[in-house]
Amino acid sequence: MRSGRAARWWSAALIAASVTLTGCAGGLAPKGPSAGRISDIFWVMMVFAGIVFVIVMGALVIALRRPADDGDEAIERHLERRFVIGGGVILPAVVLGILMVLNVRTIVAEPTSGDMTIDVVGYRYWWEATYDGFTTANEIHIPTGTKVALHLTSVDVVHSVWIPELAGKADMVPGREQTLVIEADEPGRYVGRCAEFCGLQHAWMLFTIVAEEPADFAAWRDNEAAPAPEPEDPQLARGREVYLTNSCVGCHAIRGVDDRGELGPDLTHLANREKLGAGIIDNTDDELTAWIANPQAIKPGVAMPPQSLSEEDLSDVVAYLGSLK
Ligand code: CUA
């Protein structure tokens, strides 16, 4: 009976420890200087916490094993007072003082401006990114080895940007602008997410930071800055007509075609993105068809309403959007 209970406790402790440590291994894989500093201070705090834990547990064991009554009461009381002052005042003051200094140094080391700027705006539930000269959504490309200042705000409720591999979190508050500087050491795709509960699809408010060698980034930027490519065949031209004569243009923008829509993601080079719906589905013809027909079935609560298009119109508009490289 008793050993059964002990076994349960041990297995619970082991599961808790492995879950925690797996989280650490995944979350603390810094790929940039800012995340590196956060990782460093995390491990310093872990070591301090570990030492304090061992000291406290040691004191507890000593206290439990000590006989209830041994020796002079005056000496006892004197020792107790020393112990309280040493262990309860001086030790915490020293430990917390050292951690505070390290913490402040970490905060002060954060850059406040970058070599390039991207305006990032949070919407329920997606991300708009405006570079010098063009706007895109949900996939934010940056050059490696470059400090990139993200100027953050929101159009609706409070969101929060979090790219664990690159930097700490930063809130996006309507009516205010906040700066988060990110830098990636090496090329890669880094998942970013909303870290402030903002509504039904908070968990599916994802984006990707695509860090590329500066030459690759420049090629991507030049392509993004260009207007949408002209339709190359009659089906694509029909698809563009479908786009222009339905409610799509009310919310979305395609530069070079109709760029008045401001409520939804810019679609000028949609075909170059890997995901749709801020990370919820892959950018394939089938998924895009399902999304346009009824986004509410895929991401309930998203702002885009279902579209009642004929089968032909739907396949033409999907073909056209799929050609926007
Ligand atoms: Cu946006 Cu949570």
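**Helix 5 and its two sides**

I started on the outward side: the face of helix 5 turned away from its buried side carries Pro234 and Thr245, both exposed. Exposed means over 50% relative accessible area, buried under 20%, and partly exposed in between, with a 1.4 Å probe and protein chains only. Helices (H or I, at least four residues) and strands (E, at least two) are DSSP runs, numbered from the N terminus.

This is a predicted model, where local features need pLDDT of at least 70, side-chain atom pairs count only at pLDDT 80 or more, and totals for chains, interfaces and linings use all residues. Residues are numbered from 1 along each chain as its sequence is written, and side-chain values use heavy atoms, with hydrogens and water left out.

Which residues of helix 5 are buried? I noted Leu236, Gly239, Val242 and Tyr243. Seen down the axis of helix 5, these buried residues fall within an arc of 110 degrees, so they line one face. The arc is taken from the directions from the helix axis to the C-beta atoms. Their cover includes helix 6 (248-251) and helix 9 (311-322); contact here means heavy atoms within 4.5 Å.

I also checked the length. Helix 5 (residues 234-245) has twelve residues and should span 16 Å at 1.5 Å a residue; its end C-alpha atoms are 16 Å apart, which agrees. The expected span is 1.5 Å times one less than the number of residues.

**Pockets**

I used a 1 Å grid over the protein atoms alone: a cavity is a set of points where a 1.4 Å probe fits but cannot get out, a pocket is an open set with protein on both sides within 12 Å along at least five of seven lines, and lining residues have an atom within 4 Å of a point. Grid points are joined across faces, edges and corners, and a volume is the space filled by probe spheres set on the points.

The largest pocket has a volume of about 780 Å³. Its lining counts 40 residues, with His252, Pro265, Gly277, Trp291 and Met304 nearest the centre. Elements giving two or more residues to this lining include helix 6, helix 7 (285-293) and helix 9. By class, I logged 25 nonpolar, eight polar and seven charged residues. Ala, Val, Leu, Ile, Met, Phe, Trp, Tyr, Cys and Pro count as nonpolar, Asp, Glu, Lys and Arg as charged, and the others, Gly among them, as polar.

The second largest pocket holds about 310 Å³. Helix 3 gives the largest share of its lining, five residues. The lining has six nonpolar, no polar and three charged residues.

The peptide bond from Arg124 to Tyr125 is cis, with omega near 5 degrees. Tyr125 sits in the loop between strand 1 (116-123) and strand 2 (126-131).

Asn138 has a positive phi, near 65 degrees, though not a glycine. Asn138 counts as buried, at 11% relative accessibility. Ala278 also has a positive phi, near 55 degrees. Ala278 is buried, at 2% relative accessible area, and lies in the loop between strand 11 and strand 12 (281-282).
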